[in-house]
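This briefing goes through a single model by topic.

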Amino acid sequence: MNPVDPQANVAPVQGGYDGFPGQPGGATVVQFTTVNVTSEPPKDHIIWSLFCFVYSNPFCLGLAALIYSIKARDRKMLGDLEGSRHYASTARLLNIVASVLGSIIFLICLIIIFTTSAQASRAYR
């Protein structure tokens with residue numbers, strides 16, 4: 001077996017350059033920076049879910065959104081941010097669908113009321 005000489009792998013530095021670090025021919029210094037990014041806790045959309053549950057609850061979507069919002073809040077309090085984000089995104093989707101369907105139903109009801117009242121007023125003239 002051949003013994004390994006630790007001095008055999010060292011190459012001599014040619015020329016002495018005392019310039020700025022990082023410049024060609026100078027000593028290279030590598031610096032590491034650690035950045036701690038604290039993500040803000042996810043929103044649970046509880047107020048929006050309550051509004052959808054009380055005012056526009058087509059096909060019980062407001063109730064489902066409220067349940068998922070409460071689950072998201074519980075997960076957030078336990079420190080499970082990924083589970084909270086999952087439940088909050090589901091609650092957000094259900095709130096969007098409930099709001100859109102509730103708005104469409106409300107507009108259709110308004111259109112029906114105005115057209116029937118206009119027809120009724122023309123019929124009694």
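In this predicted model, R85 has a relative accessible area of 33%, so R85 is partly exposed. Its salt-bridge partner is E82, with the closest N and O atoms 3.9 Å apart. E82 is exposed, because its relative accessible area is 56%.

**Salt bridges**

- R85 and E82 both lie in helix 3 and are 3 residues apart, so about one helical turn separates them.
- The count of salt bridges comes to 4.
- Another of these bridges joins R73 to D44, where the closest N and O atoms are 2.6 Å apart. This pair links distant parts of the chain, since R73 is in helix 2 and D44 in the segment before helix 1, 29 residues apart.
- D44 also forms a salt bridge with K76, with 4.0 Å between the closest N and O atoms. Here too distant parts of the chain are linked: D44 in the segment before helix 1 and K76 in helix 2 are 32 residues apart.

**Exposure within the network**

- D44 counts as buried because its relative accessibility is 7%, below the 20% limit for buried residues.
- R73 has 37% relative accessibility and so counts as partly exposed.
- K76, at 24% relative accessibility, therefore counts as partly exposed.

**Nonpolar core**

- The largest nonpolar core has 5 residues, namely C52, L61, A65, L94 and A98. Helix 2 and helix 3, the latter spanning 81-123, each supply at least two residues of this core.
- Leaving aside residues up to four places away in sequence, L94 touches L61, A64, A65 and Y68.

**Nonpolar surface patch**

- F51, F53, V54, Y55, L63 and I67 make a nonpolar surface patch of about 600 Å².
- Helix 1 (46-54) and helix 2 (61-78) each supply at least two residues of the patch.
- Which helix gives the largest share of the nonpolar patch? Helix 1 does, with 3 residues.
- V54, one of the patch residues, is placed in helix 1. With 56% relative accessibility, V54 counts as exposed, because the limit for exposed residues is over 50%.

Terms used: Residues numbered from 1 in each chain as written. Predicted model: local features only at pLDDT ≥ 70, side-chain atom pairs only at ≥ 80, totals over all residues. Heavy atoms only, no water. Patch = residues over 30% accessible without salt bridge, like charges linked within 9 Å, V, L, I, M, F, W, Y side chains within 5 Å. Areas by Shrake-Rupley, 256 points an atom, 1.4 Å probe, with all protein chains shown as cover. Salt bridge = Lys/Arg side-chain N within 4 Å of Asp/Glu carboxyl O. Helix = DSSP H or I, 4+ residues; strand = E, 2+ residues; numbered from the N terminus. Buried < 20%, exposed > 50% of the residue type's maximum accessible area, 1.4 Å probe, protein only. Core = buried A, V, L, I, M, F, W, Y, C linked by side-chain atoms within 4.5 Å. Contact = heavy atoms within 4.5 Å.
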